[in-house]
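These are my notebook entries on a single chain, kept in the order in which I looked things up.

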Amino acid sequence: MYKSIETILVDIPTIRPHQLSVTTLRVQTLVLVKITTADGIVGWGEASTIGGLNYGDESPESVKTNIDTYFAPLIISIKDLNIAQTLKLLRKNINGNRFAKCAIQTALLDIQAKCLGVPLSEILGGRLHDSLPVLWTLASGDTKKDINEAQKMIELKRHNTFKLKIGSRPLQQDVDHVIAIKKALGADISIRVDVNRAWSELECLHGIQQLQDARIDLIEQPCAIQNTDALARLTARFDVAIMADEALTGPDSAYRLAKDHCANVFAVKIEQSGGLIEACDVAKIACLAGIDLYGGTMLEGPVGSIASAHAFSTFENLAFGTELFGPLLLTEEILTTPLRYENFALHLPTMPGLGIEIDENKIEQLRR
């Protein structure tokens, strides 16, 4: 059924340094997976990470090695199994590797949707939204530059909601930076912060109180991944929305976080969840628990971003929007027709599968 599986590393510089608490990104490595069937149908997936092992336990290099060594031979050996049976076989034979599994699953779903002649969203339950609001992350670390960047985005009608990456500097310096930007942009502009798990619980108490008083709308993963008890205490203590991000690693963790009231909002990410299907399961758990949703990103390029959009378009409510801006952070385009960002939103294609066409000549130029 499947003839070949190719894993490609593509290094693309970013338009500016992207500063997080764990690393500063200047080049993003896209991990692209191309699966070709015996009938010549091609499916694409992506398993990009943020800063390699600085962020999580999978890197571009490990994803490629594991797909080439373990996933590809297993998938090519499969005969007469449907996609659900194929994914079950992968789960049984390969532990962990959520990012790699997401890329493989995306490519398989892309193939299935193309065979059926429908957009990928339709085999995830059907889209409810044809476009998704997309915020922009301000991560230069320079207050004046961030204000100017935000004002330019508003003027271009590309983004009117902003998230600030903080946690790499002393707490008060970061808090003052956020408050200055909020004051400059005004009450009508939504500002959120992502601490990327950098603060202790005591620092959270000091920092979140100031941010809440300044009318910041959302605090993302302020404390350590494992410290879900602290996350629950912060959620109970403050009125500002607390969002779980890195603590979410799929449906099992979503259930535990929801049961223990650890967050007001879930950042749903297809790679963190282990696949599009699992991301939809995370969203269902959140909805059943009364937890709001936010469509997250691993700073994927256009393949992972549009795959995420197909999944997120099936969510009934995305109270906090999405941050599927990854392709806009890159200096090179790898699609023949770029994704459509306008009027503060990403618009989903209606063609079968992912609805995109990869520029394979450009991929060849950029591949590592």
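**Salt bridges, then the domain interface**

I began with the charged pairs and found that the structure holds 20 salt bridges, a salt bridge being a side-chain nitrogen of Lys or Arg within 4 Å of a carboxyl oxygen of Asp or Glu. I looked up one of them, in which the side chains of Asp194 and Lys165 meet at 2.6 Å, N to O. This pair links distant parts of the chain, with Asp194 in strand S7 (residues 190–194) and Lys165 in strand S6 (residues 161–165), 29 residues apart. Helices (H or I, at least four residues) and strands (E, at least two) are DSSP runs numbered from the N terminus.

I note that this is a predicted model, in which local features need pLDDT of at least 70 and side-chain atom pairs count only at pLDDT 80 or more, while totals for chains, interfaces and linings use all residues. Residues are numbered from 1 along each chain as its sequence is written, and side-chain values use heavy atoms, with hydrogens and water left out.

Next I turned to the division of the chain into domain 1 (1–117 + 357–364) and domain 2 (122–345), with bounds that come from an automatic or database domain assignment. Their C-alpha centres lie 23 Å apart. I recorded 41 residues of domain 1 in contact (heavy atoms within 4.5 Å) with 47 residues of domain 2. The two domains bury about 3700 Å² between them, 61% of it on carbon and sulfur atoms; buried area is the accessible area (1.4 Å probe) that two parts lose on being put together, summed over both.

Between domain 1 and domain 2 I found 2 salt bridges. I also looked up Glu149 and Arg16, whose side chains meet in a salt bridge at 3.0 Å, N to O. The elements that each supply at least two residues of the side of domain 1 that touches domain 2 include strand S1 (2–19), helix H2 (83–93) and helix H3 (98–116). H3 gives the most to that side, with 10 residues.
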